[in-house]
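Please view the sequence and the model together while reading.

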Amino acid sequence: MSIGDPSEDAEGRLFRHPPSTLFLRLDEEWSSFDRAKVVVLPLPYEHTTSYGMGTVHAPAAILEASYYLELYDEELDVEIFRLSEGVATLPPMRFDAACRDATAVEAIRNEVSRLIGHGKTVVSIGGEHTIAIGAAHAHAQHYPDLTILHFDAHSDLRQEYEGNRYSHGCTMARIYDFHHDIVQVGIRSQGIEESLFIKEKKITTFYAIDIRQGRYGSDQTSWHDAIIRALRKNVYVTFDCDFFDPALIPTLGTPEPGGFGWDETVALLRRIAAERNIVGFDVNELLPVAPLFHPQFIIAKLIYKWIGYLFTSAEKLRR
């Protein structure tokens with residue numbers, strides 16, 4: 001039975017219609033792999049989710065939601081897909097029982113590396129946060145002078161969790177194994193071992209409480225300045241959806257209060273795109289739950305707007 005089979009609705013699946021296989025409702029001219037500068041890679045991987053489960057369905061739910069987005073963006077005053085000469089969507093990668101943990105990470109690394117080699121900006125849609133290990137590794141191998149920027153409620157710096165070194169709770173620890181330049185933003189839940197690891201390794205971490213209490217300045221955007229100063233020329237972003245406050249995105253495996261809103265998040269992404277070179281990004285850990293439709297719609301819009309920022313000139317973004 002396929003994920004989009006309408007008969008699955010009775011079992012609590014989210015889809016009102018069979019989900020789209022493409023990001024947006026673009027015709028063949030604008031969804032061609034050869035033409036498009038952006039490739040969306042669905043990664044329905046879920047193996048180590050520790051609380052709420054269902055991230056395996058997120059890529060399909062986000063693709064379906066994207067069909068209902070307006071293609072014109074009033075902020076950028078353009079149909080965003082034209083900036084990137086289209087957006088191509090690949091078939092979802094398959095993760096059977098033999099493709100778990102390190103094997104899955106390596107398969108993702110290989111595929112993302114292949115796409116980068118074709119000159120594509122890769123947008124990976126998970127799935128649990130483990131997918132970011134392979135995607136980040138591929139970008140670290142291709143791009144020098146790189147910071148991996150991590151948006152999340154959780155540090156994900158455990159050396160192992162529930163006996164698994166490739167748990168979603170270990171994602172940034174596995175990334176640190178091959179790339180030390182990490183900046184974390186929005187952290188508001190962690191174990192003491194993660195706190196000690198951050199201090200020992202001097203990982204730049206912008207805790208939510210410090211941002212809220214004005215540690216980086218009293219101006220509303222002073223924390224943006226501090227984050228940007230911590231970034232190198234090239235930036236790869238891994239975005240866990242629980243960075244957002246659960247009042248905005250309630251469908252999360254481990255929702256944490258005190259998160260961030262839409263306007264402050266997209267304002268920060270716009271600043272980063274204007275002042276640094278974002279080479280790729282992944283979005284992960286959405287957990288679609290019926291009957292709510294707005295979370296995947298919001299995440300689809302986030303991805304689309306983000307693509308717009310990547311392909312708009314820095315001069316225009318600074319206006």
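At 0% relative accessibility, C241 counts as buried, where buried means under 20% relative accessible area, exposed over 50% and partly exposed in between (1.4 Å probe, protein chains only). The model is a predicted one, in which local features need pLDDT of at least 70, side-chain atom pairs count only at pLDDT 80 or more, and totals for chains, interfaces and linings use all residues. Residues are numbered from 1 along each chain as its sequence is written, and side-chain values use heavy atoms, with hydrogens and water left out.

**Cysteines**

The sulfur of C241 lies 20 Å from the closest cysteine sulfur, in C170, too far for a bond. A disulfide is a pair of cysteine sulfur atoms within 2.5 Å, and a search of the whole structure finds zero disulfides. C99 is likewise in no disulfide, the nearest cysteine sulfur being that of C170, 18 Å away. C99 is buried, with a relative accessible area of 11%.

**Packed helices**

Two packed helices are described by the angle between their axes and the distance between the axes. Helices (H or I, at least four residues) and strands (E, at least two) are DSSP runs, numbered from the N terminus. Axes are lines fitted to C-alpha atoms, for helices over the stretch in contact, and angles run from 0 to 180 degrees between N-to-C directions.

| Helix pair | Angle | Axis distance |
|---|---|---|
| Helix 3 and helix 4 | about 40° | 7 Å |
| Helix 4 and helix 5 | about 25° | 9 Å |
| Helix 8 and helix 9 | about 40° | 10 Å |

Angles under 35 degrees count as roughly parallel, over 145 as roughly antiparallel, 65 to 115 as roughly perpendicular and the rest as oblique. Helix 4 and helix 5 are therefore roughly parallel to each other, whereas helix 8 and helix 9 are oblique. A crossing is left-handed if the near helix is turned anticlockwise from the far one by less than a right angle, and right-handed if clockwise. Helix 3 passes helix 4 in a right-handed crossing; the crossing of helix 4 and helix 5 is right-handed, and so is that of helix 8 and helix 9.

Which residues bring helix 3 and helix 4 together? Contact means heavy atoms within 4.5 Å. From helix 3, V105, I108, R109, V112, S113, I116 and G117 meet a set in helix 4 that includes I131, I133, H137 and H142. By class, this contact of helix 3 with helix 4 has eight nonpolar, seven polar and one charged residues. Here Ala, Val, Leu, Ile, Met, Phe, Trp, Tyr, Cys and Pro count as nonpolar, Asp, Glu, Lys and Arg as charged, and the others, Gly among them, as polar.

The contact of helix 4 with helix 5 has six nonpolar, two polar and one charged residues.

Between helix 8 and helix 9, W223, H224, D225, I227 and I228 meet E264, A267, L268, R271, I272 and E275. These residues divide into six nonpolar, one polar and four charged. Helix 8 is mostly covered, as six of its eight residues are buried; among them are W223 and I227. Besides helix 9, the buried residues of helix 8 pack against strand 6, strand 7, strand 8 and helix 7.

**Buried sites**

A104 is placed in helix 3 (residues 101–117) and is buried, with a relative accessible area of 1%. Leaving out residues up to four places away in sequence, A104 touches Y45, F95 and C99.

G126 is found in strand 5 (residues 121–126) and counts as buried at 1% relative accessibility. G126 and E46 are 80 residues apart in sequence but 8.5 Å apart in space, C-alpha to C-alpha.

**Backbone features**

Most residues other than glycine have a negative phi, and most peptide bonds are trans. A cis peptide bond joins G126 and G127, with omega about 20°, and G127 is placed in the loop between strand 5 and helix 4. Another cis peptide bond joins A290 and P291, with omega about 5°.

L24, not a glycine, has a positive phi of about 75° and is buried, with a relative accessible area of 1%. D145, also not a glycine, has a positive phi of about 55°; D145 lies in the loop between helix 4 and strand 6 and is partly exposed, at 34% relative accessible area.
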